[in-house]
Amino acid sequence: MENVVIAQQVEFSYKTVLPDGQKVDKKAVNGLSLEIAKGSYTAILGPNGSGKSTLAKLIDVLEVPDAGSMLVFGVNTRDEDEFWGIRENCACVFQNPDNQIVGTIVEEDVAFGPENLGVPNPELRQRVDNALKDVGIYDLAQRQAASLSGGQKQKLAIAGALAMDPDILILDESTSMLDPNSRDEFLSVVERLRLEKGLTVITITHDMGEAARCDEIFVVEGGRISMHGTPSEIFADDYKVTAAGLDLPVHIKLTSEIAKSIGARLTSDQLVSEESCIETIRDMITAARVTAAAPDKAPEVLPDRRKILSVEGLSYSYDDGKTKAIEDINLDVYEGEVLAIVGKSGCGKTTLISHLNAILRPQSGDVKLYIDDRTLSASHKKDILELRQNVGLVFQYPESQLFEETVFKDIAYGLRKMGLSESEQRLRVHEAAKAVGLSESQLVKSPFDLSGGRKRRAAMAGVLAMKPKVLVLDEPAAGLDPRGRRDMFAIIDELRKNGTTIILVSHNMDEAAAHADRVCCIGHGKVLAVDTPDKLFADEERLKQMDIAQPALFAFAGKVKAELKRVIPGAVFDLPKKTAEEEAEAILRGCASASRTKESEGGEHA
Amino acid sequence: MLKDISLGKFVDTGSILHRIDPRVKVLMYALYLVAIFMITTPAALALMGLIVLAQLLVARMPLKTVKNTVAPIIPLTIFIFLLNILTIKTGDVIWHRWKITITDNGLERASIMAVRLIFLILSTSVMLTLTTTPLKIADALERIFSPLKVIKVPVHEMAMMMSIALRFIPTLIEETDKIMKAQISRGADYDTGSFLNRIKGYVTVLVPLFVASFKRAEELAVAMDARCYRGGEGRTKLNPLKIVAIDVIVGLILAIGAVGPVVLDRVIRSL
C-alpha cells in the first residue's frame with residue numbers, strides 16, 4: 001500500500017529565548033522515523049511532552065524539520081512551493097476546541113477552512129452542511145459557537161476540519177472532552193468516513209480503548225518511536241507498555257490478569273479483538289481446569305457512617321427561571337467516603353458542585369454541612385465563609401487559575417485569606433505539597449515553569465492546604481496521560497485513607513467504578529440513581545434508561561462471564577469488581593466453585 | 001455575574017435589522033455617530049432617544065439585554081458627568097458650597113455628554129454588535145475600506161483581527177468568571193475591603209487571564225494556519241454580501257432617522 005506519510009530521522013527543536021537573552025533549543029523530536037499507509041487508522045501514543053503534538057505539526061507543515069526528512073503525499077515538507085498542497089489535504093484538530101473556533105456562528109466557523117481554500121459557492125454550502133451532518137450538529141448551524149457545550153465545540157472543530165475535505169485527518173486528543181457515549185458515536189463517524197472516503201486517520205490519544213480500535217500504533221517516547229505494531233502486538237507486552245507510561249485496554253488487561261493467575265502465556269494473535277480475548281479466556285480456563293483460587297477478600301466495611309454533607313431539595317435555574325440547570329436534588333454524603341457524580345456533559349454536575357461550597361447560593365432548597373456538632377447552611381450568609389473553608393472545590397483544569405510568583409505563595413493564598421500565622425502557613429503548605437507529591441525545590445519555582453501535571457497538583461495543594469473536610473474534584477484527571485492519571489488517583493486514594501471525604505465528578509465511568517464507594521447518576525438536572533458502583537454499573541438495562549455508559553471493564557467482564565457460563569454450567573459469579581486484578585480472581589473463583597460442585601456430584605455417582 | 005454583560009455579544013432574534021446587509025449597518029452606524037455628536041438641544045436629543053428606542057423595538061431586543069448593555073458603562077457615564085459638571089465654570093452659578101461650584105452651563109453640558117454616551121453605546125449595540133455577527137462586521141468593513149488596499153492599507157488583516165477580538169469576548173468573560181469562582185472558593189473576596197485592596201484582589205484574576213490569553217492566541221494562530229488561512233487573497237464566502245431592495249429601503253429609513261434630529265437641532269438653534 002502507498003504510504004502517505006514517510007518520516008526519516010526527523011529532528012526538531014523549539015527555540016526559546018530566556019528573559020536574560022540566552023537562546024535555548026528544546027528538542028521535541030529526536031530522530032523519529034515512521035511510515036503511515038493511505039487509508040489506515042493509526043494511533044500515536046506516549047506520555048505528555050514526548051513530542052506527539054509536534055509530530056502532528058510536522059506532518060501538517062505547521063513546523064518544518066531541522067534535520068531529516070518528512071514526506072507527505074510524496075512531497076518534502078521543506079519544499080516552499082509545494083507545502084500548501086500538503087496543508088490543503090491534511091486537516092488537524094487540536095485538543096482545546098475553544099482556541100480553534102474562528103467564527104461566531106457555527107456554520108461561519110465550519111466555512112472558514114474551505115473559504116480559505118477558495119471553494120466556490122454551491123459546493124461550499126454543501127460541504128458545510130455535510131460536515132455538520134457528519135458530526136451530528138446540523139441542527140446547531142445557526143447557533144453561536146460560544147454558547148455550545150464542550151462536547152459540541154469539539155464536534156464543531158472536527159466539522160471544520162472535515163469541511164476541508166482532507167485526505168489525512170489528524171486528531172490531537174480531540175475526543176478527550178467528550179463523554180463516553182458521544183466519544184463512541186464520534187469514533188464510529190470517523191470509522192465510517194475512513195471507509196467511505198478512504199481517509200487516512202491519525203489519532204493522538206491517551207485513550208487505550210480508542211487505540212485498540214486502530215490498525216497500527218506508534219508509541220513516541222523522548223521524541224522518537226519506541227514501539228511500533230498492531231494493537232495486539234503492542235499490548236501483548238504488559239511490562240513494556242507500563243514502562244512506556246501507557247495502560248492496557250481493559251479487555252486485554254483482564255485477559256492478561258487471568259493468564260497471570262493461571263500461569264499461561266499469551267501471544268499477540270490471541271488479543272486481536274474483544275472476541276478473541278473472550279475465546280482465549282474461555283480456552284485458558286477450561287484447559288487449566290481451575291480448582292482453587294485465592295479466597296475473596298473480605299469486603300471493605302466502612303466505619304460507622306456519619307452524614308457530613310446533605311443536599312436538600314436543591315433547584316437552580318438560569319435566565320430568570322427559563323433554563324432549569326438542576327431540579328430538586330436530594331443527596332447525602334457520608335464522612336470518609338468517595339462519592340462519584342457521573343452524567344453526560346451539560347447534565348447539571350457543575351451547577352450542583354458549585355452549590356456545595358456556596359459559590360452559587362441556593363434558589364430553593366439547601367446545602368448543609370455537619371461539623372463538630374454544628375450545622376452550616378448555604379442559605380445562611382454568616383456560614384458561607386466557614387463553608388468555603390470546609391468544602392474545598394477544585395475546578396476542572398485548576399492549573400489555569402495559578403497566579404502567584406512561586407508555588408509556595410500560590411498554595412498559601414487561601415491560608416493568608418484565612419489569616420493564619422506565618423509559621424502555621426508554612427507548615428500547612430509543606431503538608432499539602434507533600435500530599436500531592438511536590439518536592440521542596442518545586443515550591444520556590446514559578447508555577448508557570450512546572451509541567452502540566454505538576455501545575456495541576458500545585459493548584460490542588462492550594463485547596464488541600466485549607467484542610468477541607470470535604471474535597472470536591474471536578475474531572476481531576478482530564479487531559480492527563482495514563483501515568484498522570486495513575487498518580488492523580490493514587491493521591492486521591494491516599495487522601496481518602498487519611499479520612500477526607502471526596503466528591504469526584506467524572507465522565508470516565510471506569511474511574512468512577514474503580515475509585516468510588518458510591519456513585520450518583522445525574523441526568524437532565526435530576527438525581528437518577530445513587531448506589532454502589534458494582535450494583536449500579538452491573539445493571540445494563542437501568543444504565544441504558546439513564547443514558548449512562550457502562551464502564552468498559554464491566555461490559556467486557558459481563559461478556560466473558562456469559563461465555564463461561566455457557567461452557568461451564570454451574571459457574572456462579574459475584575457482582576463486578578472494581579479493578580481488573582480483582583475481577584480476574586473473581587472469575588476464576590466462580591469457575592472453580594463450578595468445577596468443585598461438579599466433582600462432588602461426580603463422587604456421589606461413583 | 002460577569003456572564004450577564006451583553007457588550008459585544010450577538011443576540012439573534014431574527015429581526016429585519018439582523019437580516020439587512022452589514023455594510024448598510026456600518027455606514028448608517030457611522031452616520032448616527034456623527035449625528036449624535038452634532039446635536040445639542042434637548043428636543044433633538046429626545047427625538048434621537050425615540051429613534052434609538054424604535055430601533056431597539058424593531059430589533060426585538062429583550063429588556064434584559066438592553067439593561068445589560070447599558071449597565072457596564074454606567075460608572076463611566078457618571079464619571080464623565082461629574083468631570084464635566086465640576087470643571088465647567090461658565091454660566092450662572094446654581095449651587096455653591098466649599099470648593100464646589102455648579103453652573104447651569106456645566107449641568108447642561110454634563111447631561112448632554114452623559115446622554116450622548118448612552119445613545120452611543122445603544123446604537124453601537126443595536127446597529128452592530130447585537131444584531132450582526134463579528135465576522136459579518138469584519139466582512140462589511142473589509143468591503144467598505146477595500147479601496148484603501150491600493151495604498152497598501154492591510155484592510156483584510158485589520159478586519160480579521162477585529163472579528164477575532166470580538167469573537168473572543170464571550171470566551172474571555174466566561175474564563176474570568178471561572179477564575180473568579182475558583183479564587184472565591186479559596187477565600188478571595190472581590191466585593192468588600194478598601195478600593196486599593198479590591199484592585200489588588202483582581203491581580204489574582206488578571207494574571208491567569210493574561211497567561212491563558214497568550215496561550216489561546218498562540219494556539220489559535222496554529223489552528224488558523226492549519227486551516228490554510230493565508231490572508232484575504234483568493235478567499236470565497238459562505239454567505240457573500242449582496243445588497244437587495246430591502247437593504248436600500250431600510251438604509252434610507254435609518255438615514256432619515258439620523259438626519260432628522262440634526263435638522264431639528266439646527267432649526268431650534270437658528271430660532
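Tutor: At 9% relative accessibility, E257(A) counts as buried, where buried means under 20% relative accessible area, exposed over 50% and partly exposed in between, with a 1.4 Å probe and protein chains only. The model is predicted, and local features need pLDDT of at least 70 while side-chain atom pairs count only at pLDDT 80 or more, although totals for chains, interfaces and linings use all residues. Residues are numbered from 1 along each chain as its sequence is written, chains are lettered from A and ligands numbered from 1 in the order written, and side-chain values use heavy atoms, with hydrogens and water left out.

The side chain of E257(A) meets that of K253(A) in a salt bridge of 3.9 Å, N to O, the rule being a side-chain nitrogen of Lys or Arg within 4 Å of a carboxyl oxygen of Asp or Glu. Because the two residues are 4 apart in helix α10 of chain A, about one helical turn separates K253(A) from E257(A). K253(A), with a relative accessible area of 24%, is partly exposed.

Helices (H or I, at least four residues) and strands (E, at least two) are DSSP runs, numbered from the N terminus. Helix α10 of chain A covers residues 250-262, and at 1.5 Å a residue its 13 residues should span 18 Å, in agreement with the 18 Å between its end C-alpha atoms; the expected span is 1.5 Å times one less than the number of residues. Besides E257(A), the buried residues of α10(A) include H251(A), I252(A), L254(A), T255(A), S256(A), I258(A) and A259(A). Just after α10(A), G263(A) takes a positive phi of about 90 degrees.

Another salt bridge in chain A pairs K577(A) with D574(A), the closest N and O atoms being 3.8 Å apart; K577(A) is buried at 17% relative accessible area, whereas D574(A), at 37%, is partly exposed. Salt bridges that share partners join D238(A), K253(A), E257(A), K260(A) and E581(A) into one network.

The nonpolar side of the helix can be taken up next. A nonpolar core is a set of buried Ala, Val, Leu, Ile, Met, Phe, Trp, Tyr and Cys residues joined through side-chain atoms within 4.5 Å. I258(A) is among the residues with the most contacts inside the largest core, which has 121 residues, as are F235(A), I285(A) and I587(A). Leaving aside residues up to four places away in sequence, I587(A) touches L254(A) and I258(A), as well as I285(A), V560(A), K561(A), L564(A) and F573(A), contact meaning heavy atoms within 4.5 Å. Apart from this core lies another, of 44 residues, among them L356(A), I384(A), L387(A) and A188(B).

Between the two chains, the contact takes 61 residues from chain A and 46 residues from chain B. The area buried there is about 4,800 Å², with carbon and sulfur atoms giving 56%; buried area is the accessible area (1.4 Å probe) that two parts lose on being put together, summed over both. Across this interface the rule finds 5 salt bridges, and D109(A) and R227(B) meet through their side chains in a salt bridge of 3.5 Å, N to O. Among the elements of chain A that each supply at least two residues to the side touching chain B are α2 (83-88), α3 (106-117) and α14 (407-418). The most comes from α3(A), with 11 residues.
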